[in-house]
Amino acid sequence: MIRRQWSALAVAALITGSSSAQTSLPTQPVKSSSIVIIDSTSAGAVRQVQYGEKPSSVTGEPAPAEGEAAALGDDGGAAPLGPTAPDKVNILQSLLGFDEEKPPLKVFGWIDPDYTYRSTGHGQNNIAPVMNRFGDEFLMREIVLNVNKPMDTKDWSWGFNSTLLAGSDGAFLQPTAGWFKQTDPRFGISFTDLNVTAHLPILTEGGVDVKFGRTTTVLGPMGGLAPYRYFDSSDYAWYNLEEGRYTGLSTNWHISKQLSWFNAIELGGWGSFFDFGVAGPCYLGQINYWFDEDAKRTLFTFTVLTGPTGHFSPGNTTAVETTIRQNWTERLYQVVSFQMNYSKAPIAFAVPHSYQERAYDVYSYQGIHLSCALDFNTRVEWYKDVDGGGYPGGFGIPKTNYGEVTLGFDYHPYKWIQLRPEIRGDFADHPAFGRNMDREDQLSIAIDALVKF
């Protein structure tokens with residue numbers, strides 16, 4: 001019954017997205033590393049951003065709209081659409097006296113508690129949803145502090161970025177190697193980003209950005225930290241096909257307003273934190289191209305990551321992503337992504353040389369700004385675990401199809417708070433859900449309160 005109900009909702013969500021695509025067109029978000037959020041300062045245009053870091057001149061993070069719901073914009077015009085980026089709230093920044101136009105440091109953060117009801121009962125579920133993987137339970141998902149030094153993107157300059165994460169997400173996102181062992185799944189602490197940056201005004205007008213250290217990946221369009229994703233829960237592809245964070249050296253060449261080229265060498269395998277001896281280097285590359293000259297309507301992204309996976313067995317993993325981000329109108333936006341992965345070694349355990357894991361994922365996010373204080377978002381996703389191996393790619397149940405449909409609101413009456421209720425249906429063609437992995441269908445209802453300062 002649950003599967004039939006959610007299948008009907010999936011069809012409705014897809015029809016909504018495709019029918020709106022046939023209305024008149026223009027505008028909404030993305031990541032210099034990965035995610036899509038409305039930037040109202042550019043009429044809701046999608047732009048390059050990196051979750052876990054600060055937006056704009058520093059490192060490129062999603063910059064949702066500024067201002068409070070009932071107020072006019074800073075220029076006296078209509079109030080902006082979408083939630084306010086955490087680095088634009090400026091509560092902590094002002095308290096510390098760094099409230100000038102070009103401060104020497106940016107300091108901001110947030111807390112994100114949530115509650116999740118799950119039809120399969122309490123306890124930990126390791127497949128979906130994540131990172132709110134404990135059923136019928138309140139969690140302190142995130143306590144975050146970011147300190148960074150902004151760069152001048154027009155001249156030679158340097159900066160740094162530090163994002164410290166604690167909470168249940170901190171336990172989930174802890175490094176795979178090179179960090180102290182944490183055994184409590186409900187509370188952990190680590191740096192999602194800890195790097196030095198530089199801007200080099202060379203080659204083209206946009207120049208080249210360079211970064212070294214612990215860094216959020218550019219693989220995949222959605223972010224891991226709370227302000228840089230649409231829902232309380234995350235999609236399957238983000239969870240099981242991406243490395244999340246890495247330690248290494250990266251460059252991003254802004255070839256033109258429409259085209260950028262990202263290259264990185266990752267040290268120590270997937271997800272390691274300054275532990276370079278556990279695996280050889282990986283290569284991460286990404287091309288971003290805007291089809292329109294104004295760089296506001298349609299963004300195409302192609303990403304590839306390849307190299308040794310991890311710490312117990314030799315063997316490479318290759319992950320590929322292709323994403324289109326489309327701003328249909330100023331209020332209506334969509335993200336469609338396809339990801340796949342071929343792995344010869346998992347992260348967490350040793351395997352024979354004959355091991356292989358293949359996985360495929362496609363999803364569509366669709367959203368609309370109903371007002372300056374309220375957004376409505378949908379997600380429809382299909383995930384295929386071919387071989388039933390381990391992460392990356394496998395959930396441990398061979399030849400299994402997973403699907404999910406998520407509907408939710410983002411209510412942001414003031415720039416410092418977001419309330420995000422969601423309802424989500426997951427289904428599989430083999431038992432996979434619940435703490436005993438004995439159910440094929442699962443209903444989740446969750447809400448988080450994101451308080452930014």
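A salt bridge is taken here as a side-chain nitrogen of Lys or Arg within 4 Å of a carboxyl oxygen of Asp or Glu. The views below show a predicted model.

**Figure 1. Arg141 and Asp169 meet in a salt bridge.** The N to O distance between the two side chains is 2.6 Å. Arg141 belongs to strand β4 (residues 137–149) and Asp169 to helix α4 (residues 168–172), so that the pair, 28 residues apart, links distant parts of the chain. Arg141 is buried, with a relative accessible area of 0%. Asp169 is likewise buried, at 0%.

**Figure 2. Asp232 forms a salt bridge with Arg141.** The closest N and O atoms of this pair are 2.8 Å apart. Because Asp232 lies in the loop between β7 and α5 and Arg141 in strand β4, the contact ties together parts 91 residues apart in sequence. Both residues, Asp232 and Arg141, are buried.

**Figure 3. Asp387 and Arg358 form a salt bridge.** Their closest N and O atoms lie 2.8 Å apart. Asp387 is found in the loop between β15 (374–385) and β16 (400–414), whereas Arg358 is in strand β14, and the two are 29 residues apart. Asp387 counts as partly exposed at 22% relative accessibility, and Arg358 is partly exposed at 29%. Elsewhere, salt bridges with shared partners join Asp114, Arg141, Asp169 and Asp232 into one network. The count of salt bridges comes to ten.

**Figure 4. The rings of Phe231 and Tyr365 form a tilted pair.** The ring centres are 6.1 Å apart and the planes stand at 35°, so the pair is classed as tilted. Phe231 is in the loop between β7 (208–216) and α5, and Tyr365 is in strand β14; 134 residues separate them, and the pair links distant parts of the chain. Phe231 and Tyr365 are both buried. The count of aromatic pairs comes to 26.

**Figure 5. Ring pairs link aromatic residues into a cluster.** The members are Phe172, Tyr236, Trp238, Tyr239, Tyr383, Phe395, Tyr402 and Phe433.

**Figure 6. Charged side-chain ends sit over aromatic rings at Trp158 and Phe134.** The charged end of Lys149 is placed over the ring of Trp158, 4.7 Å from its centre. The charged end of Arg186 is placed over the ring of Phe134, 4.1 Å from its centre.

**Figure 7. The largest nonpolar core contains 33 residues.** Trp110, Ile127, Tyr236 and Tyr402 touch the most other members of this core. Two or more residues come from each of β1 (106–118), α5 (236–240), β13 (332–343) and β14 (357–371). Helix α5 supplies the largest share, four residues. A second, separate core has eleven residues, including Leu219, Phe262, Ala319 and Ile347.

**Figure 8. Asp275 lies in the loop between β9 (259–267) and β10 (282–290).** With 25% relative accessibility, Asp275 counts as partly exposed. Beyond its neighbours within four places in sequence, Asp275 is in contact with Ala177, Gly178 and Gly268. The C-alpha atoms of Asp275 and Trp179 are 8.3 Å apart, although the two residues are 96 positions apart in sequence.

**Figure 9. The chain has five helices and 18 strands.** Of its 453 residues, 57% are buried. Among contacts with a separation of 6 or more, 61% are between residues 24 or more positions apart. The chain exposes about 17100 Å², of which carbon and sulfur atoms supply 64%.

How values were computed:
Residues numbered from 1 in each chain as written. Predicted model: local features only at pLDDT ≥ 70, side-chain atom pairs only at ≥ 80, totals over all residues. Heavy atoms only, no water. Core = buried A, V, L, I, M, F, W, Y, C linked by side-chain atoms within 4.5 Å. Buried < 20%, exposed > 50% of the residue type's maximum accessible area, 1.4 Å probe, protein only. Contact = heavy atoms within 4.5 Å. Areas by Shrake-Rupley, 256 points an atom, 1.4 Å probe, with all protein chains shown as cover. Phe/Tyr/Trp six-rings, centres within 6.5 Å; stacked < 30°, edge-to-face > 60°. Lys NZ or Arg CZ within 6 Å of the ring centre and 35° of its normal.
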